[in-house]
Amino acid sequence: MNNRQLIVQALDHIEANLRVPLSVQALSRNTGYSLYHFIRLFQGVTGLTPGDYISRRKITEAAKDILKTPERSLQDISLDYAFNDYETFARAFKRILRRPPSALRQKLHPDIPPLLPRLYENDLQQWPDTLFVQPRLIDLGELVLQGPQVNEYTNPAAFGAAWENLFGSLALLPERMLPERYYQLGYWADDYEDSGASFLCACELSRIHPVSSGPGSGLVADQAIPQFPVHVLPPARYLKFLHKGRSREIPATYKYIYGVYLPKTNYRLTLPYEFEFYGDDYLGPDHPESVSEIYIPLTLL
C-alpha cells in the first residue's frame with residue numbers, strides 16, 4: 001500500500017465517523033504511523049492537516065444541513081456532528097466559513113462559503129502538481145462571451161453537444177474575435193443553494209449590442225442566434241490556476257482551489273462566476289497533457 005492509498009483509508013474512516021468524536025491520534029494509530037509522521041504524510045498528500053480536514057468536513061456537512069433543514073435548530077445540528085456545545089460549533093463555523101451559522105441560514109453573505117467536499121483517491125491523483133504551483137494574480141478587462149448554455153453539470157454529453165453546437169454555429173457570430181478564443185463560464189444566481197450553477201460554452205466577442213442585466217454579469221440576446229445568450233463579465237482581478245490533464249478530471253482541481261487553497265488565504269469570491277480559458281496549451285478534452293486556465297474573481301478580505 002502506498003502513502004496515498006493509506007491516506008485514502010484515513011479519509012474513508014473520517015467520512016464514516018463525521019457524527020462522532022474523532023481524534024487525530026486515533027487516526028494515526030489506525031495507520032500504524034506515529035502522530036508526527038501521520039500529520040506530515042496527511043498534509044503532504046491533501047494539503048491540509050488531518051485536524052483541519054476533520055473540522056472542515058464536519059462544518060461543510062453541517063452547513064448543508066443548515067440550508068436543507070430550516071426546521072431544525074442550529075444547536076441540534078451542532079450536536080449531530082459531535083461538537084461539545086453550540087458555542088464551540090459557532091466559533092469553528094465562523095473560522096472556517098467566515099460567517100456565523102445564523103448568517104448562512106439567513107443567506108446574509110453574497111459570497112460562496114468555502115466548503116470542502118469529500119475527497120476521493122481520484123482527486124488526490126490529480127493534485128501533486130497543483131499543490132506546488134502557485135496561482136497568479138491577474139487583472140482582466142471586460143470580457144464578452146456568447147455560446148449555448150448548459151444546466152446539467154453532471155451530464156458530460158450535454159457539454160459535448162453544446163460545444164458541437166457552438167462550433168457548428170460560428171459563422172453566425174460575426175462579432176467573434178479572430179482567431180477564436182474559447183471559454184467555459186460557470187455562474188450561479190442568488191439562490192445557488194437551490195438552483196446550482198449554469199454554464200456557457202462560449203467564444204469571445206469583440207463587441208455587442210446594448211446590455212441588460214443578467215445573473216452575475218451583463219446579459220443580452222444576440223439577434224443572429226437568440227438561443228445563445230451573451231454574458232458580459234466586468235473588469236476584475238482574478239487568481240489564475242492551471243489544470244493539466246483531461247477535462248473530465250478538472251473537478252479535482254476545483255476541489256483543491258475552493259476546499260484547500262482559498263480557505264488558507266485572505267481572499268474571497270466576489271463575483272458569482274468562474275471561467276476556464278482554452279489557449280494554445282489546450283490540446284483537447286481527452287489529452288493528458290492539456291492545460292486549461294482557471295480564473296477565479298477575488299478580492300482581499
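When I call a residue buried I mean under 20% relative accessible area, exposed means over 50%, and partly exposed lies in between, with a 1.4 Å probe and protein chains only. What we have here is a predicted model, in which local features need pLDDT of at least 70 and side-chain atom pairs count only at pLDDT 80 or more, while totals for chains, interfaces and linings use all residues. Residues are numbered from 1 along each chain as its sequence is written, and side-chain values use heavy atoms, with hydrogens and water left out.

Let me begin with helix H6, residues 86-97, where helices (H or I, at least four residues) and strands (E, at least two) are DSSP runs numbered from the N terminus. Its buried residues are Phe89, Ala90, Ala92, Phe93, Ile96 and Leu97. Seen down the axis of H6, these fall within an arc of 165 degrees, so they line one face of the helix; the arc is that of the directions from the helix axis to the C-beta atoms. The face turned away from that buried side carries the exposed residues Arg91, Lys94 and Arg95. Just after H6, arginine 98 takes a positive phi of about 65 degrees.

Turning to strand E5, residues 197-204, seven of its eight residues are buried, so the strand is largely enclosed by the rest of the structure. Strands count as paired if DSSP finds at least two bridges between them. Strand E4 (residues 182-188) runs antiparallel to E5 and is joined to it by seven bridges, with tyrosine 187 standing opposite serine 198. E2 (residues 143-146) also pairs with E5 in the antiparallel sense, over two bridges, and there glutamine 146 stands opposite cysteine 203.

Methods. Expected span 1.5 Å × (residues − 1).
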